[in-house]
Amino acid sequence: MQLFFYSILFAFLCITIYPDTQIKVDRTDTEISTQSIQLLRNATLVVQLSGKKILIDPMFAEKGAFPAFSGAGNNFRNPMVDLPINEDEIRHIIDEIDAVFITHTHLDHWDPKARKMIPKNKPLFVQPADEKLIKSQGFTDVTVVENTTIWEGITIHRTGGQHGFGAVGKLMGTVSGYVFMNTDQSIYIAGDTRWCDEVKTALHTYTPDVIVLNAGGAQFIEGNKKGDPITMTPEDVITVQKNAVNAQIITVHMNTLNHCFVKRKDLRNALNLEGINKLVQIPADGDIILLK
């Protein structure tokens, strides 16, 4: 126990002095800080807050399970990388989570394997646009977050976004983000969105302590979905940072899908050029980030 105390103290000092530090923790250790975010892969996160474990946008498919997204100009099957955990570890996470939050139901945020593995009576929270679909898939404990709801002492606000602009944005459909707030912490999961008025409003309304951005600059370069990027570009991430200078910013949704052309190294290079590389965290798959 004394060893565990000193390891947590060391982790705290690292995250305070070096804010871009990712802490790799033994996934079997149940004493991990109750305020942390683990990136599994893409936008799949495990958030620990107020003693609760929340699973965000689960995609559990094996590497190459799905065809390439058409219009991306390549044939790389999705997901392009394996999960950093095995199937037993996935089951362990599912057993431990208290609820699942889904920002929208695109394949890379809510896939068939997740639907199969997650028990039908597990609490699910969804945007209004997805209620009918989720219930039709057999899930029985579904809460629709219209605007604000309170669950287990955590206040949850649903936020809007733009999953692309113009014609491609309309094809992408409705997306949401969520702000989780307890008495001393607020976490904004922005979801699949570009920098837009809805994101700006969320930042100014809730002034979140922690912001998770779906980067990757996902884009279709040919076909009927051809258009500007539909998830955040490096420029978008930089704009968010300039509008939330005191927030801990974490970027995900990279190095997994064939239409996400901005890789972690590209984002890191852009942040370096801007001089803010120490202010934005870019976790690898499996990394656990302790929240300030």
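The exercises below treat aromatic pairs and a nonpolar core in a predicted model.

Residues are numbered from 1 along each chain as its sequence is written. Local features need pLDDT of at least 70 and side-chain atom pairs count only at pLDDT 80 or more, while totals for chains, interfaces and linings use all residues, and side-chain values use heavy atoms, with hydrogens and water left out.

**Exercise 1.** Classify the aromatic pair of Phe101 and Tyr178, and then the pair of Tyr178 and Phe180.

*Solution.* Rings of Phe, Tyr and Trp (its six-membered ring) pair if their centres lie within 6.5 Å, and planes under 30 degrees apart count as stacked, over 60 as edge-to-face and the rest as tilted. Phe101 and Tyr178 are 5.3 Å apart, centre to centre, with 75 degrees between the planes, and are edge-to-face. For Tyr178 and Phe180 the centres are 6.3 Å apart and the planes stand at 45 degrees, so this pair is tilted. Tyr178 and Phe180 are both buried, where buried means under 20% relative accessible area with a 1.4 Å probe, protein chains only.

**Exercise 2.** Find the aromatic cluster that includes Phe101, Tyr178 and Phe180.

*Solution.* Phe101, Phe125, Trp151, Tyr178 and Phe180 form one aromatic cluster.

**Exercise 3.** Identify which residues touch the most other members of the largest nonpolar core.

*Solution.* A nonpolar core is a set of buried Ala, Val, Leu, Ile, Met, Phe, Trp, Tyr and Cys residues joined through side-chain atoms within 4.5 Å. The largest core has 25 residues, and those touching the most other members are Tyr188, Ile211, Leu213, Val237, Val240, Leu267 and Leu271.

Methods: Buried < 20%, exposed > 50% of the residue type's maximum accessible area, 1.4 Å probe, protein only.
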